[in-house]
Amino acid sequence: MTTQKKLLWQFLMLLIFAVEECRPVCVDAISDTEAVLGSPMKLTCILCMKREEISAQTKVYWYYRPDQDAVRQTIYLYDGKPQEVEGPWKGRLLWNGSKDLQDVSISISNVSLNDSGLYECEVHRQFSFNSYSPSTEKTFEIELVVREKASDDPTALYSEIMMYVLLVFLTFWLLVEMIYCYRKISKSDEQVQDSVTDYLAIPSENKENPPGPAVTE
């Protein structure tokens, strides 16, 4: 097996090992607050848990009010399973959370101008440990604004440009590294091959009787 094949095989084994070791990671994320008329909109609500807390019982209440002074109304509920609430929101909200209930987001289908307002995601968790059963409660607020068309965001444009520039740079750098490594390996193989060729070119009697140190009388 040549040196190139050995390196390629080692790289593939390392890649497979890295993929097997990957595990999903929960990351707290802030929800978008701007929706476009007629488009779906995800209301992100994420509350990460530690590994020992994964077995907690979770209940989620989603509320809506058109402004700060209005009385909030329940629009969605998760208690063992997603549950729609009777009212104008029924049929327009979809559960968009994760199986482990760290992500308890919902989505609005076909956003209308009347959907602007304040949304609250209230998460209740009941933990069960050996000697006690603590509980926690946390509320996230999302102030949603619905626009007739998407507004131009220069920050997003600059971020996208920088992403493409970085991608091109990393691709070029990787290509240079691959060429350098290939040339280095090829040169090493050529040196080994030259050494073997030189050895084979030596007459057999010289191989059996290599020259020794001169003996003086």
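A contact means heavy atoms within 4.5 Å. The model is predicted: local features need pLDDT of at least 70, side-chain atom pairs count only at pLDDT 80 or more, and totals for chains, interfaces and linings use all residues. Residues are numbered from 1 along each chain as its sequence is written, and side-chain values use heavy atoms, with hydrogens and water left out.

**View 1. Elements and contacts of the protein chain.** The protein chain has three helices and nine strands (DSSP runs numbered from the N terminus; helices are H or I with at least four residues, strands are E with at least two). From the N terminus on, their order is α-β-β-β-β-β-β-β-β-β-α-α. Of the contacts with a separation of 6 or more, 56% join residues 24 or more positions apart.

View 2. Strand E9 covers residues 135-147 and includes Arg-147. With a relative accessible area of 38%, Arg-147 is partly exposed (buried is under 20%, exposed over 50%, partly exposed in between; 1.4 Å probe, protein chains only). Leaving aside residues up to four places away in sequence, Arg-147 touches Glu-34, Ala-35, Val-36 and Leu-37. The C-alpha atoms of Arg-147 and Val-36 are 5.1 Å apart, while 111 residues separate the two in sequence.

**View 3. Leu-170 and a nonpolar surface patch.** Leu-170 is in helix H2, residues 154-201, and is partly exposed at 43% relative accessible area. Together with Leu-166, Phe-169, Trp-173, Leu-174 and Met-178, Leu-170 makes a nonpolar surface patch of about 650 Å².

Definitions and conventions:
Patch = residues over 30% accessible without salt bridge, like charges linked within 9 Å, V, L, I, M, F, W, Y side chains within 5 Å. Areas by Shrake-Rupley, 256 points an atom, 1.4 Å probe, with all protein chains shown as cover. Salt bridge = Lys/Arg side-chain N within 4 Å of Asp/Glu carboxyl O.
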